[in-house]
Amino acid sequence: MIEDRELDAWREQWNSVARPSSDFPRKVQQKIKHHHRRFVFGNIFSVIAFIGILIFAVYMRHQGTWMGPGWAIGICVLVLVAAGCRVWALRQTWRPETQSTRGFVELWYKRVEARIRLLRISTYLSMGWLIFCAALMAVNWSIIGQDFRAHPKSWLALLVVCVLMQPVLLLYGVGWLRRRKLAELNEVKQILDEMND
Amino acid sequence: MSERRHDLEARFDRILTEHGAAISRLAFGYETVASVREELVQDIALAVWQALAHFRGECSERTFVYRIAHNRGLSHVWKRRPAYQPLDEIEESDQPIDPRPHPEEQATRTDRRMQLMSAIQSLPVGHRQMIVLMLEGLSHAQMAEVLGITENNVAVRLNRARNMLKDALRERA
């Protein structure tokens, strides 16, 4: 056995570094309970939100106004498209932490790539949605125009929210998220390169 | 169902007892601030608990724990950049394990330990992992299993990481 004094000295220093505090098991148990509660409430909230959206869609469908069915179909399509896009973009990127570091980092890379792809798709989708709504308005202008003249303030408010807020959200919200994800991608790539080096 | 959970809890308690100190040390490789490090250690423990039900013994329990700890550590480094801090910013709130007889000797040891920690923290993440696993006493085969690389690769990278650590220590001396 080769004696390695340097390594022994390092190990001695390393082993005297830190031990978990005495209430470590209690804190871990607390964390587990907190995590479990969050998981349960998160699921309950998702189910309630989904049911709420469906109820709202059904309510709009039976409003009797000319826009009701459009709202109902629009909401259902949006929810389905959003869920579908998310599942599609993040497929095969689930990253269990029990695998080796290399496997974990490779999946992490894929996951960040998928998120960037998802952001791009959502940008295109929202722009497409805006164009679709504008086209729909133009086609139905004879009916919408009358309503517009009758209630100009509420229509202007709707237009400001839908049309003007969207570029703001896209430019700042999505842009900020995209920059963050690109930075993460670079970082993960560096780790991968280090491993392949 | 409850019996299975009871078994799982007993196993988890045993893992914490056996590997708690190692998890704490591994966390030191990724976080220097004591309060944040404590959070990281708890996060690692939580991740072990979440994965434990699906652990079928494909690798040793130690490898299983170390993999989770390193992977959680990597995510933590990304979430909390900058990845390392200079020596004077390192919080050293943890009590040393062995009681030291002489204050001067105690100070020297603490100083050396902080230098080592600071030097480890200054390494790139990949090299830091190699050093931490080496200090934990893992063999090349075990390190390869944790990191998912070949043993030859482990030897090469470990050598490189060790040289970098020496340089970093020399700078701090």
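**View 1. Salt bridge between Glu6(A) and Arg162(B).** In this predicted model, Glu6(A) pairs with Arg162(B) in a salt bridge whose closest N and O atoms lie 3.0 Å apart. A salt bridge requires a side-chain nitrogen of Lys or Arg within 4 Å of a carboxyl oxygen of Asp or Glu. Six salt bridges are found across the interface of chain B and chain A.

**View 2. The side of chain B that touches chain A.** Helices (DSSP runs of H or I, at least four residues) that each give two or more residues to this side include H1 (2–28), H4 (103–122) and H7 (151–172) of chain B. H2(B) gives the most, with 11 residues. By residue class, this side comprises 30 nonpolar, 15 polar and 19 charged residues.

**View 3. Extent of the interface between chain B and chain A.** Contact (heavy atoms within 4.5 Å) involves 64 residues of chain B and 40 residues of chain A. The buried area, i.e. the accessible area (1.4 Å probe) lost by the two parts on being put together and summed over both, is about 4700 Å², with 60% from carbon and sulfur atoms.

View 4. The structure contains zero disulfides (cysteine sulfur pairs within 2.5 Å) over all chains.

**Notes.** Residues are numbered from 1 along each chain as its sequence is written, and chains are lettered from A in the order in which they are written. Local features need pLDDT of at least 70, side-chain atom pairs count only at pLDDT 80 or more, totals for chains, interfaces and linings use all residues, and side-chain values use heavy atoms, without hydrogens and water.

Terms used
Ala, Val, Leu, Ile, Met, Phe, Trp, Tyr, Cys and Pro count as nonpolar, Asp, Glu, Lys and Arg as charged, and the others, Gly among them, as polar.
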